[in-house]
Amino acid sequence: MGGRTWLPFPVLFLAALPPALLRGAAGFKPSLDSDFTFTLPAGQKECFYQPMPLKASLEIEYQVLDGAGLDIDFHLTSPEGRTLVFEQRKSDGVHTVETEVGDYMFCFDNTFSTISEKVIFFELILDNMGEEAQEQEDWKRYIPDTDVLEMKLEDILVSRTLISNGSSLVSYLRVHQQHQVQTEQKWSDTNSA
């Protein structure tokens, strides 16, 4: 933890490209509404970056879901490095800014805690994206439906349970087989003596 994280998924790829290449990058744009939940270990700080166009609206809503004190420090910084929001030990917050062109940085800081990790939920809402708004929705057709993802996760968990139970059964059978062999050897040794 503590490294740079780019949001949302298409932005992860696009943020690493030079601006000249971004214009033709398969029409991918940041989503208009995204939410995330993550665990922030004690003594750590995690920052996220959201590229924004001129005169759009960036709204960030966050809430600490779990962890001692249910509090976190929150920082929002403009592309020029100006601190727009600085909150200490808050359990939740909602902040909206009219944007300039560039990458906005927002950080969740748990460095004040030496023991307790925090589970943090946050949502990004991007508004007034102008005529590009429809294009920004287009990338979503490449993302599978979340119901399918949940089914796949459930299948993985069921498979894992079956494999775990199966390996326990195999272990039991091996121990039982060894016991039978040892018992047969005892009887064989007893009968031959």
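I began with D71, which is buried, with a relative accessible area of 12%; buried here means under 20% relative accessible area, exposed over 50%, and partly exposed in between, with a 1.4 Å probe and protein chains only. I note that this is a predicted model, in which local features need pLDDT of at least 70, side-chain atom pairs count only at pLDDT 80 or more, and totals for chains, interfaces and linings use all residues. Residues are numbered from 1 along each chain as its sequence is written, and side-chain values use heavy atoms, with hydrogens and water left out.

I then looked up the partner of D71 and found a salt bridge with K118, the closest N and O atoms being 2.9 Å apart; the term requires a side-chain nitrogen of Lys or Arg within 4 Å of a carboxyl oxygen of Asp or Glu. This pair links distant parts of the chain, 47 residues apart, with K118 in strand 9 (residues 118-127) and D71 in the loop between strand 4 (57-66) and strand 5 (72-77); strands are DSSP runs of E, at least two residues, numbered from the N terminus. K118 is also buried, at a relative accessible area of 1%, and I recorded a network of salt bridges that links D71, R89 and K118.

Next I turned to R82, which counts as partly exposed at 43% relative accessibility. R82 forms a salt bridge with E80, where the closest N and O atoms are 3.5 Å apart, and another with E100, where they are 3.1 Å apart. E100 lies in the loop between strand 7 (92-98) and strand 8 (102-109), and R82 in the loop between strand 5 and strand 6 (83-90), 18 residues apart.

Technical notes. Helix = DSSP H or I, 4+ residues; strand = E, 2+ residues; numbered from the N terminus.
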